[in-house]
Amino acid sequence: MSAKNRLGNYFEDFSIGQEIVHATPRTVTEGDVALYTALTGSRFAVGSADAFALGLGFPRSPVDSMLAFNIVFGKTVPDISLNAIANLGYASGRFGQPVYPGDTLSSTSTVIGLKENRDGKTGVVYVNSRGTNQRGEMVLDYCRWVMVRKKDAASPAPAAVVPELPDSVAAADLVVPVDLEIEKYDCALAGSTDLWNDYQVGEQIDHVDGMTIEESEHMMATRLYQNTAKVHFNQHAEKSGRFGRRIVYGGYVISMARSLSFNGLANAFSIAAINAGRHVSPAFAGDTIYAWSSVVDKMALPGRNDLGALRLRTVATKDRPCADFPYKLDDGSYDPSVLLDFDYTVLMPSRA
Amino acid sequence: MSAKNRLGNYFEDFSIGQEIVHATPRTVTEGDVALYTALTGSRFAVGSADAFALGLGFPRSPVDSMLAFNIVFGKTVPDISLNAIANLGYASGRFGQPVYPGDTLSSTSTVIGLKENRDGKTGVVYVNSRGTNQRGEMVLDYCRWVMVRKKDAASPAPAAVVPELPDSVAAADLVVPVDLEIEKYDCALAGSTDLWNDYQVGEQIDHVDGMTIEESEHMMATRLYQNTAKVHFNQHAEKSGRFGRRIVYGGYVISMARSLSFNGLANAFSIAAINAGRHVSPAFAGDTIYAWSSVVDKMALPGRNDLGALRLRTVATKDRPCADFPYKLDDGSYDPSVLLDFDYTVLMPSRA
Amino acid sequence: MSAKNRLGNYFEDFSIGQEIVHATPRTVTEGDVALYTALTGSRFAVGSADAFALGLGFPRSPVDSMLAFNIVFGKTVPDISLNAIANLGYASGRFGQPVYPGDTLSSTSTVIGLKENRDGKTGVVYVNSRGTNQRGEMVLDYCRWVMVRKKDAASPAPAAVVPELPDSVAAADLVVPVDLEIEKYDCALAGSTDLWNDYQVGEQIDHVDGMTIEESEHMMATRLYQNTAKVHFNQHAEKSGRFGRRIVYGGYVISMARSLSFNGLANAFSIAAINAGRHVSPAFAGDTIYAWSSVVDKMALPGRNDLGALRLRTVATKDRPCADFPYKLDDGSYDPSVLLDFDYTVLMPSRA
């Protein structure tokens, strides 16, 4: 009688080129959107009001970019990172077709890199994951790499393959909904008159507000995404784990930072790309999340003078207001308050 | 480079007659309704079952009156009360068009009063706020006044304008859906055979049950309403604040009291007016909310013998059952257990 | 002036044959489904993705069996178990018509048994409860019995009537959606290749994962079901109660166990019957729930070779992993970690 439960894949279970169809397709609904608002406080008008989204040419409010990300990501966990020790990084993330309530999302991954660590007990797995809707259209395509345990330290190391991943997604590769009627954009309803033109490369923005995380909130968010990583849910096991407590799913911290960024980036209505991302430190219930952003780059979009792209770095901290933009120390290490260093590209209306 | 984040308005930023269009219009969905049920335990049948609402002539279940109130209110916070010290009162609140899932709500406010306090550091701002749906129809119109900090104590006091606000909304001013077919009302499904005729002016009703509030619950509710008042969310800042902890949004306490009032007022299916309201004391996570109501007035409705209005006072307490109707002490001050003193008008079916 | 609040029925308020129409019909929505996912982490593909459910011949994703159960059950609480000391057991539970978002559920109960306890202060009430949709179709029919307080110990004992309830629901009595096109079932998306054929009577499955319950979560779930039992919500009263704290609603523990059972029973897409169930010990916030299942019986379904039934026992524990299947001790009493002993029948695709 074979075991029917699943214990997740170990490092030696992965091979270069392996394709994995992830389980549990998911129809996104207005219920998910309401919960996302309740759990993160998101206020971007395009995602909040159908009438506002209609004015821009969307058929209705698209789902928040990070809600789509977290749902697509969640499906990959049972196969990719159930036995992961660390989620090391993201690259080459592109959002495609907007997601609307009623769409059904599925995820697949391809193994694009493998490198055993010197300790012989762990290795790094690189995957390219793709989320698609019920019509097979790409809604999100990204790479991430995780450190995964070996099941047996004696199993031989595979030939090391480390993919070359770009520093950022080029403007020409960003997917912009083609018939967006941005001239109807209402800045009063959006919450800010600052448009693409008003942001300068190098500008730093304190998002001011802080939001304290509770156990219920991060667990509800993480379950909503059907992310099954054990460290987020099981206090009985974690009390004797590395931190003595449950770890907040990193995607929830990204969502919190993105929602806090409304105060200073209210017109950044959509995320177009994830260039890079690092969960610098774990977050725990009781932590108060603050955030600040800097403008890394401004990119005009081919053929569009009503819309531009901003490459941003958003830094989230714990228990540390961001008026002085905490980031790295003189020795290059991160300020101990930093939880997240997230490099991504947003779309924003511009004045002609 | 100008600051892009928003720090809220101070007392001297307001002027009489000023019109403010609040950001973040909001499409109300079935997801919001489910969350409202999960966060408050609301059981009024009209809002719970489409089939029941259809029997009365509604096209489907309207959204709970207090959910509509909290969403309309939430939008006003970033402009009106982000720097408020206290939410002093409500008056002249009228509910208009019922709100249904799919409706998009927007809020605007007019400054109708200003009065600097003697301390020279704060002032009272009176606003008339209006929530409208996507067709521009009024769904809620109310006045509130808040105590707001001055940015600079040296700035001159404006001429004092204190609006005259009525003690209550007259029966003739209540909005009653015109084609309500109340003769089909099913008391068994509604949960009580007590109709408008059965209530007497002066009658007091203990709502019996108590409900304990958790941090996650009040924060989720408050974020669902996109209410950004800092005191509700930021334990890192509040731990050195006035109370050492996060304060529960007063609108959540009203919702809890209204939901508890089902036990004794099950047929009060809709709120038509908010006559007055006072948040007597702050509520905190861990408090158990109890409530009782008294019937302040009974009002026949012009041209209707199937429906009447009851003016109610609902008092919410913390950690204090309400069998003996705790309210004011001999010296006129409130019993220390009282959190909320809420004067409002409900609609209830009547026997012909 | 008669009391308008309701204090629930006592033992002497029930009589054999009594029919009770429960209040608060409820339209189930996508919001409820999203909350159910967020509160339990359910991952069964049929309930997660419309596209997957369509492939099987459902018009869209049906609502999780346990969400339907909990909503139907919740309505019975104000009339049946508000003054209950213990929820003693379930029997003869059959699920009927699948429930879809948009359906409105109502509940009625018939008293089928009464037996006063020897202490003269309590008695056992047996009810047959039925949940129906807006077309009057049965969605759930089950029996349960509860121990209820007498209002007055001096009131005479009724003639004892104890209904004979079957040990399990026969295969022929299970309701199977008639036009299920199970041949299109996609095991990769469902999360497991183990079908009905692969399970053996006597087989034991550890569901591996543990999930810690927080106060907010069980209260939100229980309010979502409009279950008003006081012990779940009122810390102020419970602090001087039997356990000094709020008790988690047993139906939430069943939901957690069912959701955890995905890991090992991913293709058990629907519950067809509840044969028996016992809440062995109360659960509290902070408990980590684990679960394991054994296959009690395998039942072919008349006229179907694409689908079979498995009778399962799922045992939920607190703070106790289930790799060694904790259940009963040598003296026949339950292992102290056991919370739930649940005997039910699921539907699962089979290979022809």
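Buried, in these notes, means under 20% relative accessible area, with exposed over 50% and partly exposed in between (1.4 Å probe, protein chains only).

Ground rules first. I'm working on a predicted model, where local features need pLDDT of at least 70, side-chain atom pairs count only at pLDDT 80 or more, and totals for chains, interfaces and linings use all residues. Residues are numbered from 1 along each chain as its sequence is written, chains are lettered from A and ligands numbered from 1 in the order in which they are written, and side-chain values use heavy atoms, with hydrogens and water left out.

**T317(A).** I looked up T317(A) and found it in strand β11 of chain A, residues 304-318. Strands here are DSSP E runs of at least two residues, helices are H or I runs of at least four, and both are numbered from the N terminus. T317(A) counts as buried because its relative accessibility is 0%. Its side chain gets to 2.6 Å from the backbone oxygen of R320(A). Leaving out residues up to four places away in sequence, T317(A) touches, among others, Y290(A), C322(A), P326(A) and V338(A); contact means heavy atoms within 4.5 Å.

**T228(C).** Next I went to chain C, where T228(C) sits in the loop between α6 (215-224) and α7 (235-238). T228(C) has 13% relative accessibility, so it counts as buried. Its contacts beyond four places in sequence include R43(B), as well as V77(C) and F233(C). I also checked S333(C), 105 residues apart from T228(C) along the chain: their C-alpha atoms are separated by 31 Å.

**Strand β4(A).** What does β4(A) pair with through ten bridges? That is strand β5 of chain A (residues 122-132), running antiparallel to β4(A). To pair, two strands need at least two bridges found by DSSP. I noted G113(A) with Y126(A) as its bridge partner in β5(A). The two strands make a hairpin with five residues between them, and G120(A) in the turn has a positive phi of about 75°. Strand β1 (residues 19-21) is antiparallel to β4(A) as well, joined by three bridges, with V21(A) opposite T108(A). Of the 13 residues in β4(A), 104-116, ten are buried.

Definitions and conventions. Polar contact = N/O pair within 3.5 Å; in protein donor to acceptor, adjacent residues only side chain to side chain.
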